[in-house]
Amino acid sequence: EVDFADLAAIALPFMDEPNHPRLRRYTKRHTIEWSERVDAADAFLFAFPEYNYSYGPVIKNALDYLHAEWNRKPVGFVNWGGNSGGTRAQTALRPVVGALGLVMTTGNVEINVPQRQLSDGEFVPNEQQASVLKRQLDELLRLGEALRPLR
């Protein structure tokens with residue numbers, strides 16, 4: 001089962017909890033709902049673009065709202081950007097997910113200039129991207145099972 005979490009639709013305000021997330025003493029309904037959603041997940045695949053050589057503040061804010069809910073769960077990245085394919089955004093986010101206890105997949109999808117791969121307004125992955133994504137999804141499933149006892 002896949003839960004597609006669109007951060008634009010979730011619309012978390014910038015962190016507004018009075019307590020540190022590691023305490024799990026949430027006071028806001030949006031935080032409680034976000035906590036329940038993340039807690040229920042076994043693995044994550046973050047899809048995000050590169051902005052100004054990094055990731056955007058919305059993804060950082062969504063991560064910062066919680067702490068224990070992320071711990072010992074696998075995460076993979078799908079990034080896009082210009083010539084770098086989003087590599088710099090991925091590189092910048094790695095220390096953050098590591099500090100939260102998330103476990104990175106070994107392969108991640110990087111898409112150079114995704115506009116070139118649009119067909120009738122829909123993104124069409126090339127063979128390499130499709131292959132890496134399949135391996136990444138397989139790894140997320142394996143890691144999710146392996147890490148479950150540690151949570």
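Predicted model: local features only at pLDDT ≥ 70, side-chain atom pairs only at ≥ 80, totals over all residues.
Local features need pLDDT of at least 70, side-chain atom pairs count only at pLDDT 80 or more, and totals for chains, interfaces and linings use all residues. Residues are numbered from 1 along each chain as its sequence is written, and side-chain values use heavy atoms, with hydrogens and water left out.

The largest pocket holds about 1,300 Å³ of space. A pocket is an open set of points on a 1 Å grid over the protein atoms alone, where a 1.4 Å probe fits, with protein on both sides within 12 Å along at least five of seven lines; lining residues have an atom within 4 Å of a point. Its volume is the space filled by probe spheres set on the points, which are joined across faces, edges and corners. The largest pocket is lined by 36 residues, and Asp3, Ala5, Ala43, Phe44 and Leu45 lie nearest its centre. Strand E1 supplies six residues, the largest share of this lining.

The second largest pocket has about 230 Å³ of space. Leu45 and Leu133 are among the residues that line the second largest pocket. Helix H5 gives three residues, the largest share. Leu133 itself lies in helix H5 (residues 127-147).

Asn52 is in the loop between strand E1 (44-49) and helix H3 (57-64), and Val113 is in the loop between strand E4 (109-112) and strand E5 (118-119). Helices (H or I, at least four residues) and strands (E, at least two) are DSSP runs, numbered from the N terminus.
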